[in-house]
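Thanks for asking me to look this one over. Here are my notes, in the order I would go through them with the structure open on the screen.

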Amino acid sequence: MCDNPVVCHDARMPIADRYLAEDESLVYVTRQHWTTLVNEFLALCVIAVAAGALVWWLPTDEDWGKYTSFGVLAVGAIFACYFWLVPLLQWRSTMYILTTKRLHKRSGFLSKSGRSIPLSRVNDVSFRANLWERIMRYGTLNVQSASEQGVMTLRHVPDPEGLKAEIYRAVDALGGGGGTGRPPAH
(Lines give C-alpha, C1' and ligand atoms only; values in the text may rest on other atoms or scores of the structure.)
Protein backbone atom coordinates (compact mmCIF):
# COMPACT_ATOMS: atom_id res chain seq x y z
CA MET A 1 0.00 0.00 0.00
CA CYS A 2 1.09 3.56 -0.51
CA ASP A 3 2.84 4.65 2.68
CA ASN A 4 3.38 8.29 1.74
CA PRO A 5 0.13 10.35 1.93
CA VAL A 6 1.79 13.20 0.02
CA VAL A 7 2.40 10.94 -2.97
CA CYS A 8 -0.74 8.84 -2.70
CA HIS A 9 -3.84 10.91 -3.47
CA ASP A 10 -6.24 8.59 -1.65
CA ALA A 11 -4.44 6.19 0.66
CA ARG A 12 -7.72 4.57 1.67
CA MET A 13 -7.86 2.48 -1.49
CA PRO A 14 -6.49 -0.91 -0.49
CA ILE A 15 -8.31 -2.36 -3.50
CA ALA A 16 -5.44 -1.02 -5.64
CA ASP A 17 -3.07 -3.48 -3.97
CA ARG A 18 -4.55 -6.36 -5.95
CA TYR A 19 -3.14 -4.89 -9.17
CA LEU A 20 0.44 -5.06 -7.91
CA ALA A 21 2.94 -7.67 -9.01
CA GLU A 22 5.38 -9.05 -6.45
CA ASP A 23 8.25 -6.84 -7.56
CA GLU A 24 6.36 -3.51 -7.70
CA SER A 25 4.90 -1.11 -5.19
CA LEU A 26 2.19 1.50 -5.25
CA VAL A 27 3.27 5.06 -6.05
CA TYR A 28 -0.01 6.92 -6.65
CA VAL A 29 -3.68 6.03 -6.75
CA THR A 30 -6.72 8.20 -7.31
CA ARG A 31 -10.26 8.25 -8.60
CA GLN A 32 -11.85 10.70 -10.96
CA HIS A 33 -12.58 14.15 -9.53
CA TRP A 34 -15.86 14.49 -7.62
CA THR A 35 -17.15 17.03 -10.14
CA THR A 36 -17.77 14.07 -12.45
CA LEU A 37 -20.92 13.43 -10.39
CA VAL A 38 -22.39 16.96 -10.42
CA ASN A 39 -24.72 16.31 -13.38
CA GLU A 40 -25.88 13.05 -11.83
CA PHE A 41 -26.65 14.79 -8.52
CA LEU A 42 -28.64 17.46 -10.36
CA ALA A 43 -30.56 14.70 -12.19
CA LEU A 44 -31.32 13.09 -8.82
CA CYS A 45 -32.67 16.41 -7.51
CA VAL A 46 -34.87 16.89 -10.60
CA ILE A 47 -36.20 13.34 -10.29
CA ALA A 48 -36.98 13.82 -6.58
CA VAL A 49 -38.74 17.16 -7.19
CA ALA A 50 -40.72 15.80 -10.15
CA ALA A 51 -41.81 12.68 -8.26
CA GLY A 52 -42.71 14.74 -5.19
CA ALA A 53 -44.73 17.22 -7.27
CA LEU A 54 -46.62 14.40 -9.02
CA VAL A 55 -47.41 12.67 -5.73
CA TRP A 56 -48.60 15.96 -4.25
CA TRP A 57 -50.71 16.74 -7.32
CA LEU A 58 -52.39 13.32 -7.52
CA PRO A 59 -55.61 12.93 -5.52
CA THR A 60 -55.27 10.63 -2.52
CA ASP A 61 -58.95 10.31 -1.67
CA GLU A 62 -59.58 8.07 -4.67
CA ASP A 63 -58.68 4.36 -4.54
CA TRP A 64 -56.55 4.62 -7.68
CA GLY A 65 -54.76 7.74 -6.37
CA LYS A 66 -52.92 5.79 -3.67
CA TYR A 67 -51.72 3.15 -6.13
CA THR A 68 -50.74 5.78 -8.66
CA SER A 69 -48.67 7.57 -6.01
CA PHE A 70 -46.82 4.33 -5.26
CA GLY A 71 -46.30 3.84 -9.00
CA VAL A 72 -44.88 7.36 -9.39
CA LEU A 73 -42.51 6.76 -6.46
CA ALA A 74 -41.43 3.41 -7.94
CA VAL A 75 -40.74 4.98 -11.35
CA GLY A 76 -38.85 7.80 -9.58
CA ALA A 77 -36.74 5.22 -7.73
CA ILE A 78 -35.95 3.39 -10.97
CA PHE A 79 -34.95 6.67 -12.66
CA ALA A 80 -32.83 7.61 -9.64
CA CYS A 81 -31.02 4.29 -9.82
CA TYR A 82 -30.39 4.65 -13.55
CA PHE A 83 -29.40 8.32 -13.62
CA TRP A 84 -27.65 8.60 -10.23
CA LEU A 85 -26.74 5.25 -8.63
CA VAL A 86 -25.26 3.61 -11.74
CA PRO A 87 -22.98 6.62 -12.53
CA LEU A 88 -21.99 6.77 -8.85
CA LEU A 89 -20.95 3.12 -8.94
CA GLN A 90 -19.07 3.71 -12.21
CA TRP A 91 -17.22 6.67 -10.62
CA ARG A 92 -16.45 4.60 -7.54
CA SER A 93 -14.99 1.79 -9.64
CA THR A 94 -12.83 3.98 -11.91
CA MET A 95 -9.27 4.12 -10.59
CA TYR A 96 -5.98 5.46 -11.88
CA ILE A 97 -3.05 3.57 -10.39
CA LEU A 98 0.65 4.33 -10.78
CA THR A 99 3.11 1.70 -9.58
CA THR A 100 6.87 1.53 -9.77
CA LYS A 101 6.56 -0.35 -13.08
CA ARG A 102 3.17 0.41 -14.70
CA LEU A 103 0.34 2.88 -15.09
CA HIS A 104 -3.13 1.31 -14.77
CA LYS A 105 -6.60 2.53 -15.66
CA ARG A 106 -9.38 0.35 -14.25
CA SER A 107 -13.14 0.87 -14.49
CA GLY A 108 -16.47 -0.92 -14.31
CA PHE A 109 -18.50 -2.52 -11.56
CA LEU A 110 -20.42 -5.20 -13.47
CA SER A 111 -18.34 -5.50 -16.60
CA LYS A 112 -14.75 -4.54 -15.95
CA SER A 113 -12.23 -2.99 -18.28
CA GLY A 114 -8.66 -1.98 -17.80
CA ARG A 115 -5.50 -0.96 -19.49
CA SER A 116 -1.90 -0.89 -18.32
CA ILE A 117 1.16 0.77 -19.77
CA PRO A 118 4.62 -0.32 -18.65
CA LEU A 119 6.55 2.78 -17.57
CA SER A 120 9.44 1.70 -19.79
CA ARG A 121 7.12 2.26 -22.81
CA VAL A 122 5.96 5.77 -21.83
CA ASN A 123 7.01 8.30 -24.47
CA ASP A 124 5.18 11.44 -23.45
CA VAL A 125 2.73 12.69 -20.85
CA SER A 126 0.63 15.78 -21.46
CA PHE A 127 -2.29 17.37 -19.67
CA ARG A 128 -4.97 19.90 -20.45
CA ALA A 129 -7.26 21.85 -18.18
CA ASN A 130 -9.56 24.70 -19.15
CA LEU A 131 -10.23 27.61 -16.79
CA TRP A 132 -13.05 25.87 -14.93
CA GLU A 133 -10.99 22.69 -14.53
CA ARG A 134 -8.04 24.72 -13.23
CA ILE A 135 -10.29 26.39 -10.65
CA MET A 136 -11.66 23.01 -9.57
CA ARG A 137 -8.16 21.45 -9.72
CA TYR A 138 -8.69 18.64 -12.23
CA GLY A 139 -7.96 17.96 -15.87
CA THR A 140 -7.27 15.40 -18.58
CA LEU A 141 -3.99 13.51 -18.82
CA ASN A 142 -2.79 11.90 -22.07
CA VAL A 143 -0.09 9.27 -21.74
CA GLN A 144 1.53 8.28 -25.03
CA SER A 145 3.19 4.91 -25.13
CA ALA A 146 5.34 3.02 -27.59
CA SER A 147 2.67 0.40 -28.19
CA GLU A 148 0.02 -0.41 -30.73
CA GLN A 149 -2.72 1.18 -28.63
CA GLY A 150 -0.94 4.56 -28.53
CA VAL A 151 -2.47 7.06 -26.11
CA MET A 152 -4.15 6.35 -22.78
CA THR A 153 -6.49 9.18 -21.79
CA LEU A 154 -7.26 9.74 -18.11
CA ARG A 155 -10.22 12.09 -17.69
CA HIS A 156 -11.19 14.15 -14.64
CA VAL A 157 -7.85 13.53 -12.91
CA PRO A 158 -7.42 15.46 -9.66
CA ASP A 159 -4.18 17.48 -9.87
CA PRO A 160 -3.12 16.35 -13.37
CA GLU A 161 0.20 18.20 -13.15
CA GLY A 162 1.01 16.33 -9.94
CA LEU A 163 0.25 12.96 -11.51
CA LYS A 164 2.29 13.91 -14.58
CA ALA A 165 5.25 14.71 -12.33
CA GLU A 166 4.80 11.41 -10.46
CA ILE A 167 4.80 9.48 -13.74
CA TYR A 168 8.04 11.16 -14.81
CA ARG A 169 9.60 10.48 -11.38
CA ALA A 170 8.60 6.82 -11.61
CA VAL A 171 10.04 6.58 -15.14
CA ASP A 172 13.29 8.13 -13.91
CA ALA A 173 13.40 5.78 -10.92
CA LEU A 174 12.94 2.86 -13.29
CA GLY A 175 16.10 4.00 -15.03
CA GLY A 176 14.51 5.00 -18.30
CA GLY A 177 14.71 8.76 -18.05
CA GLY A 178 18.39 9.25 -17.45
CA GLY A 179 17.65 11.65 -14.58
CA THR A 180 16.23 14.31 -16.89
CA GLY A 181 12.74 14.27 -15.46
CA ARG A 182 11.41 13.08 -18.81
CA PRO A 183 11.09 9.68 -20.46
CA PRO A 184 13.73 8.85 -23.03
CA ALA A 185 13.07 9.80 -26.62
CA HIS A 186 12.63 6.73 -28.83
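Which residues form a nonpolar patch on the surface?

1. **The surface patch.** Keep in mind throughout that this is a predicted model. The nonpolar patch consists of Val75, Ile78, Phe79, Tyr82 and Phe83, and their accessible area together is about 530 Å². Tyrosine 82 sits in helix α2, which covers residues 63-93. With a relative accessibility of 56%, tyrosine 82 is exposed, because the cut-off for that word is over 50%.

2. **The overall layout.** The protein chain contains four helices and seven strands. Read from the N terminus, their order is β-α-α-β-β-β-β-α-β-β-α. Of the 186 residues in the protein chain, 37% are buried.

3. **The hairpin.** Strands β3 (residues 102-107) and β4 (residues 113-118) run antiparallel and are joined by six bridges. At one of the pairings, serine 107 has serine 113 in β4 as its bridge partner. Five residues lie between the two strands of this hairpin, and glycine 108 takes a positive phi there, near 105°.

4. The whole structure has three salt bridges. Lysine 101 is partly exposed at 33% relative accessible area, whereas aspartate 23 is exposed at 54%.

5. **Arginine 102 and glutamate 24.** These two side chains also meet in a salt bridge, at 2.3 Å from N to O. Here too the pair links distant parts of the chain, with arginine 102 in strand β3 and glutamate 24 in the segment before β1, 78 residues apart. How accessible are the two partners? Arginine 102 is partly exposed at 24% relative accessibility, while glutamate 24 has 7% and is buried.

6. Arginine 169 and glutamate 166 form a salt bridge of 2.9 Å, N to O, between their side chains. Both residues belong to helix α4 (residues 160-174), where they are three residues apart, about one turn of the helix. Arginine 169 is partly exposed, with 49% relative accessible area. Glutamate 166, by contrast, is buried at 11%.

7. **Asparagine 142.** Is asparagine 142 buried or exposed? This residue of strand β6 (residues 138-145) has a relative accessibility of 18% and therefore counts as buried, since the limit is under 20%. The side chain of asparagine 142 makes a polar contact of 3.0 Å with the side chain of threonine 153.

8. **Cysteines.** How many disulfides does a search of the whole structure find? The search finds zero. For background, a disulfide is a covalent bond between the sulfur atoms of two cysteines. If you are looking at individual cysteines, cysteine 45 is partly exposed at 33% relative accessibility, and cysteine 81 is partly exposed as well, at 38%.

Terms used: Residues are numbered from 1 along each chain as its sequence is written. This is a predicted model: local features need pLDDT of at least 70, side-chain atom pairs count only at pLDDT 80 or more; totals for chains, interfaces and linings use all residues. Side-chain values use heavy atoms; hydrogens and water are left out. Two strands pair if DSSP finds at least two bridges between them. Patches are made of residues with over 30% relative accessible area and no salt bridge: like charges are joined within 9 Å, nonpolar side chains (Val, Leu, Ile, Met, Phe, Trp, Tyr) within 5 Å. Accessible areas come from the Shrake-Rupley method with a 1.4 Å probe; for residues, only the protein chains shown count as cover. A salt bridge is a side-chain nitrogen of Lys or Arg within 4 Å of a carboxyl oxygen of Asp or Glu. Buried means under 20% relative accessible area, exposed over 50%, partly exposed in between (1.4 Å probe, protein chains only). A disulfide is a pair of cysteine sulfur atoms within 2.5 Å. A polar contact is a pair of N or O atoms within 3.5 Å; within protein, one must be able to donate a hydrogen and the other to accept it, and residues adjacent in sequence count only if both atoms are side-chain atoms.
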